[in-house]
Amino acid sequence: MRAADFLIIGAMKAGTTTLYQDLLTNPAVFMPHDKEPESLVHDDVLTERGRRFYDRLFAPARPDQVVGEASTGYTKMPDFPGVPARALEVCGKSLKCIYLVREPVARVISHHHHNFGNGVVERDIDYAVRTHPRFINWSKYAMQFTPWIDTF
């Protein structure tokens, strides 16, 4: 059974996809086809079935490769609490974390554009930011990363 050696836990709309794609080109690194499996967001990963699913993400990796995954859901507090503790249990104490951030206002604007384009929120960004706390919460980088620092 194999778990991630590293996680890209960066903020949504902060360059995680670019880093993921760049790492895919490195033969010493294995990343699953699904860029954001978000397995560690749910307690199910702590069950035998959930652990098997997570381990299968890395099954194609060669023994000489470093394995990782990229899921921005891992830093979406308070919506998904407990992720660092699950990561510790599943991946172990030697897990490395890469946390990408972006200037917060630009991140919120990009996040709104993404959500509006997918029909998730209304066009008026001022209204969306006032009515959907995730726009601000997910840009509170200290709040997002402190549980990771405390755990690892």
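Is Asn137 buried or exposed? In this predicted model, Asn137 has a relative accessible area of 14% and is therefore buried, since buried means under 20%. Asn137 belongs to helix 6, which spans residues 134–137. Beyond the residues up to four places away in sequence, Asn137 touches Met77, Pro78, Met143 and Gln144.

The strands of the model form an open sheet of four members in the order 2-3-1-4, and their pairing is parallel. Strand 2 (29–30) and strand 4 (96–98) are the edge strands, each of them pairing on one side only. In general, the strands of a sheet pair through backbone hydrogen bonds, in either a parallel or an antiparallel sense. Strand 1, made up of residues 6–8, is joined to strand 4 by three bridges in the parallel sense. Strand 1 also runs parallel to strand 3, again with three bridges. Ile8 takes part on both sides: Ile98 stands opposite Ile8 in strand 4, and Ala70 is the bridge partner of Ile8 in strand 3. Strand 2 and strand 3 are parallel and are joined by two bridges, with Val29 standing opposite Val66 of strand 3. Between strand 2 and strand 3 the chain passes through helix 2, and this β-α-β crossover is right-handed.

Strand 3 is mostly covered, as four of its five residues are buried. Strand 3 (66–70), strand 1 and strand 2 are included in what covers the buried residues of helix 1. These buried residues of helix 1, which comprises residues 16–24, are Thr16, Tyr20 and Leu23. They lie on the same side of helix 1, because they cover an arc of only 65° around the axis.

The interior was examined next. In soluble globular proteins, nonpolar side chains tend to be buried together. The largest nonpolar core holds 24 residues, of which Leu7, Leu40, Tyr54, Tyr74 and Trp148 touch the most other members. Helix 2 (48–57), helix 3 (83–91) and helix 7 (141–151) each supply at least two residues of this core. The greatest contribution, four residues, is made by helix 3. Apart from this core lies another, of seven residues, including Phe6, Ile8, Tyr20 and Ala70.

Trp148 has a relative accessibility of 2% and so counts as buried. When neighbours within four places in sequence are left aside, Trp148 is in contact with Leu7, Ile9, Tyr74, Thr75, Val83, Pro84, Ala87, Leu95 and Cys97.

Aromatic rings were also considered. A pair of such rings is described by the distance of the centres and the angle of the planes. Four aromatic pairs are found in a search of the whole structure. One of them is the stacked pair of Tyr99 and Phe145, with 5.0 Å from centre to centre and 5° between the planes. This pair links distant parts of the chain, 46 residues apart: Tyr99 is in the loop between strand 4 and helix 4 (104–117), whereas Phe145 is in helix 7. The pair formed by Trp148 and Phe152 is stacked because the ring planes lie at 15°, and the ring centres are 6.0 Å apart. Tyr99 counts as buried at 17% relative accessibility, while Phe145 is partly exposed with a relative accessible area of 23%. Phe152 is likewise partly exposed, with a relative accessible area of 28%. Finally, ring pairs link Tyr99, Tyr141 and Phe145 into a cluster.

Terms used:
Residues are numbered from 1 along each chain as its sequence is written. This is a predicted model: local features need pLDDT of at least 70, side-chain atom pairs count only at pLDDT 80 or more; totals for chains, interfaces and linings use all residues. Side-chain values use heavy atoms; hydrogens and water are left out. Two strands pair if DSSP finds at least two bridges between them. A nonpolar core is a set of buried Ala, Val, Leu, Ile, Met, Phe, Trp, Tyr and Cys residues joined through side-chain atoms within 4.5 Å. Buried means under 20% relative accessible area, exposed over 50%, partly exposed in between (1.4 Å probe, protein chains only). Contact means heavy atoms within 4.5 Å. The arc is that of the directions from the helix axis to the C-beta atoms. A crossover is right-handed if, with the strands pointing away from the viewer, the path from the first strand over the helix to the second runs clockwise. Rings of Phe, Tyr and Trp (its six-membered ring) pair if their centres lie within 6.5 Å; planes under 30 degrees apart count as stacked, over 60 as edge-to-face and the rest as tilted.
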